[in-house]
Amino acid sequence: MGNILHIISSARGEASNSIMLGNRIVEKLQQRHPGKELVTIDVTRQPYEQLHGELVTAYRTPQPSLTDAQQRLLQVSDEAVAQLMAADIIVIGVPLYNFQMPAALKAWIDHIVRPSKTVAYKDGMPAGLLSGQKAYLAIASNGIYSEGPMSPYDFAEPYLRYILGFLGITDVSTYRIEGAGMTATRDTAVAKGLASVESV
Ligand SMILES: Cc1cc2nc3c(=O)[nH]c(=O)nc-3n(C[C@H](O)[C@H](O)[C@H](O)COP(=O)(O)O)c2cc1C
């Protein structure tokens, strides 16, 4: 039985809507799958450095040829990949920042997309090496993006669906607390988002 991996990426701690929504999804999943271990990673507190030349070279070096220095360099990424592979359910909290995911969450993505570990290339075509995992996106935003005029401008959800699919994770559901910064929806946004999790 795999773990539940809860990735959080909000800088707002206890005030965070994406963490609250993700926690509610996790609670529902734990009710349905009692005994599953929960692993929570706050990517804002992890040393996921930006990709640089040595790291990218190490990513592309076959395991037997890695130097000791390259193996040390890869430790953080290896750990993130191991956490991902040990999970069969992944809940990703996504605060919408400037119409995208936070840079800390993108940094996590850059550490889990690994040649030969999570994605392989056959005849030049990518093939995700993960399968059978279920992902939930818990997205928080001040505006409304699930429908209406702003719906083309949430670049986080389509990207996350694409990159997860690239790795082989194609079963992805989205839940939202949205409109929390708009006069008409401010008072109901959180309750509406949390209520939607009943369908998990
Ligand atoms: C740097 C920054 C950029 C933001 N950009 C957007 C945005 O593009 N669209 C939007 O609807 N809300 C935006 N917001 C509001 C957040 O999405 C909102 O506060 C959300 O609740 C953040 O998630 P959290 O509560 O989990 O931290 C932004 C907030 C911050 C701090």
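Let's start at Ile 92. Leaving aside residues up to four places away in sequence, Ile 92 touches Ile 7, Leu 105, Trp 108, Tyr 136, Leu 137, Ala 138 and Leu 164, where contact means heavy atoms within 4.5 Å. This is a predicted model, in which local features need pLDDT of at least 70 and side-chain atom pairs count only at pLDDT 80 or more, while totals for chains, interfaces and linings use all residues. Residues are numbered from 1 along each chain as its sequence is written, and side-chain values use heavy atoms, with hydrogens and water left out.

Ile 92 and Trp 108 touch the most other members of the largest nonpolar core, which has 33 residues. Such a core is a set of buried Ala, Val, Leu, Ile, Met, Phe, Trp, Tyr and Cys residues joined through side-chain atoms within 4.5 Å; buried means under 20% relative accessible area (1.4 Å probe, protein chains only). Among the elements giving two or more residues to this core are β1 (3-8), β3 (87-95) and α6 (156-167). The biggest share, 6 residues, comes from α6. Helices (H or I, at least four residues) and strands (E, at least two) are DSSP runs, numbered from the N terminus.

Next, visit the ligand. Of the 15 residues around the ligand, Ser 10, Arg 12, Ser 16, Ser 18 and Leu 96 come nearest, with "around" meaning that a heavy atom lies within 4 Å. A polar side-chain atom of Ser 18 lies 2.5 Å from a ligand oxygen atom, and a backbone N or O atom of Leu 96 lies 2.7 Å from an oxygen atom of the ligand; a polar contact is a pair of N or O atoms within 3.5 Å.

Key: A polar contact is a pair of N or O atoms within 3.5 Å; within protein, one must be able to donate a hydrogen and the other to accept it, and residues adjacent in sequence count only if both atoms are side-chain atoms. Buried means under 20% relative accessible area, exposed over 50%, partly exposed in between (1.4 Å probe, protein chains only).
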